[in-house]
Amino acid sequence: MEINREKPSESNKRARNLVLHIHPVLVRKESIRFNLTFGLGGMLAVLFLLQVFTGVLLRFTYVASPDKAYDSILTIQNDIFFGQLIRNMHNWSGILFVLIAFLHLLRTFYTGAFYDKRRWNWIIGVSLMVLVIFQNFTGYLLPWDQLAYWAITVSTSILQYVPVVGERLMEFIRGGENVNASTLLIFYNFHTAILPLTIVILMVFHFWRVRKAGGVVVAEKSSPDMVPSDPDLVLKELVTALVLIAFILVLSMFFNAPLQDRADPAFSPNPAKAPWYFMGVQELLLHFHPFFSAILIPFLFVGGLIWLPFLHFKEKQQGVWFYTRKGEKLVLIAAVVALITIPAGILLSEFVIDVERMLPGIPLIISSGLIPFTAVFVLFALLLYVVRKKMAPGNNEMILFIMSFLMAAYFIFSLTGIFFRGTGMQLMWPWNI
Amino acid sequence: MKTQTEHINRRSFLKRIWAWLGAIAVFEFAVMAFSMLSPGGRKRKRGASSFVTVGYANEIVPGSVIPYKSGQFYLVRYQDGGFIALSLICTHLGCSIGWNSSEDQFICPCHASSFDKFGNVLNPPATRALDTYKVFIEEGLVKVDTSRKIRRTGFQNSDLVYT
């Protein structure tokens, strides 16, 4: 890209000073290569600002009470100039927020940006990811339509399977036995005050830690050339931001945010599905006892993510996608194996294996929980053993394989839940739903 | 022990007191914040008992399953004349179950759990029987106390109420 390097004017200087609050004067040329990071972190910052902006506008009309919430959404959509567009933008950027945050996490993982100096920033990042999901989740209830009411009912019901305190925890989160007026108020408060504030604080910390680590991760062998962040970096950021905003605007012009009938606590729609990012968990729920599928497995996964930078790595590849040639191969193998075994597993569990029928009289937590979970665990360990024998990967490449397999698995579970589950949560083709 | 040999001067003593006071203040604030987190407070959750009057017992045909969606329950009368009020909330993940008279079972639309007429699990993923509400019969009128759900693992004959 040819960049104009004329002497800056007075106002340009002021703009540059502002930029230097965030960026250093010079950055590594390698670090602004687009396909190193794809600008995902920057996109998230833009999305956050967009969410605050549209969210505050929606707050002027929205009323967080069961008798008025749905009507206030209708008012926003029908009576306010561009109200529907603002709501759509809030909806689509909310979805993109979760999606891009997830991609950003994957990017950070696959370019090895979690060792040493970046360790704590990885943990802040994982925490932000969790907060972003809850940010979206709390917003999901606010329209108070059938979609919102039942998705939140199903998702919060999962809490009752937490050992010992589960029931009380669920009632505390809901502010009562069922999803009710208190739940709406609690979710509204978290959505519009507590979570955004926490995110802002962690986000600032997140940016600062990137600076402390010497900027975005780059390969050790990459060229040491430096370029001025203004204009080289700033221009790229601006273009990315504008393209993103344009994309959201176009999306919002053509596709409306969903709004179903007013919530009716006595009537569950069929099927009643969780929000899309929990659909993988919902799919697991159909195969395992809730304690395993919705509590233990997600807990282990997030725990694993937090534990990751504290593992002992013999070799630390940084700034290179998939670490090594072998790493690339392993990611591919993981994806292919998951693509074959996970659908096969889903079909087997749906149509063939029925542990609770084969072992009647045994508590469900064992027959539909412990036994299948152990079986899957043993099979997975076997897979890892074969990979270790055949490919002789280093431990960082092994982690790469495990993570890739789990990610691919979650992706397939989610797709199954979103597109292949119809009435009564039966498996069916997407065009029959 | 280090603390015993350590010399505590005035300055560090005061600092320590400040730290403790700070910790207590944070704790107090946390307790206040925590209690503010449940709108309506605890009183509302327990609630006074609220009754739904269903109708005269002798007008309800044995073998019938009647939905009372406003009260969130199904009133079931068995062939032997016993009454039970089953919560319509599925014990798996809280969807509301529907009565399927042709298959003689309650079916949950969310994850396809099914329950028999007594609320027992016929088909998982639900892990325990439907909750019940207390049924009273006063002067021939059937009343259901909807203020408190009763958890149970399975159906027992004592769950039934007779005229």
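1. F373(A) sits in helix α15 of chain A, which spans residues 364-391. The model is predicted, and the remarks below should be read on that basis. F373(A) counts as partly exposed because it has 19 C-beta neighbours inside 10 Å, whereas 20 or more would be required for a buried residue.

2. Outside the four places on either side of it in sequence, F373(A) is in contact with F288(A) and F292(A).

3. A packed helix pair is described by the angle between the two axes and the distance between them. For helix α13 (residues 325-352) and helix α16 (residues 395-419), both of chain A, the axes come within 8 Å and cross at roughly 35°. The crossing of α13(A) and α16(A) is right-handed.

4. On the α13(A) side, the residues making this contact include K326(A), L330(A), A334(A), A338(A), I342(A) and I346(A). On the α16(A) side, among them are E397(A), F401(A), F405(A), A408(A), I412(A) and T416(A). By class, the residues of the contact between α13(A) and α16(A) comprise 17 nonpolar, 3 polar and 2 charged.

5. Between the chains, the contact involves 26 residues from chain A and 18 residues from chain B. The side of chain B that touches chain A is made up of 8 nonpolar, 7 polar and 3 charged residues.

Notes
Residues are numbered from 1 along each chain as its sequence is written. Chains are lettered from A and ligands numbered from 1 in the order in which they are written. This is a predicted model: local features need pLDDT of at least 70, side-chain atom pairs count only at pLDDT 80 or more; totals for chains, interfaces and linings use all residues. Two residues are in contact if their C-beta atoms, placed from the backbone, lie within 7 Å. Ala, Val, Leu, Ile, Met, Phe, Trp, Tyr, Cys and Pro count as nonpolar, Asp, Glu, Lys and Arg as charged, and the others, Gly among them, as polar. Helices (H or I, at least four residues) and strands (E, at least two) are DSSP runs, numbered from the N terminus. A residue is buried if 20 or more other C-beta atoms lie within 10 Å of its own, exposed if 12 or fewer, and partly exposed in between; C-beta atoms are placed from the backbone. Axes are lines fitted to C-alpha atoms, for helices over the stretch in contact, and angles run from 0 to 180 degrees between N-to-C directions. A crossing is left-handed if the near helix is turned anticlockwise from the far one by less than a right angle, and right-handed if clockwise.
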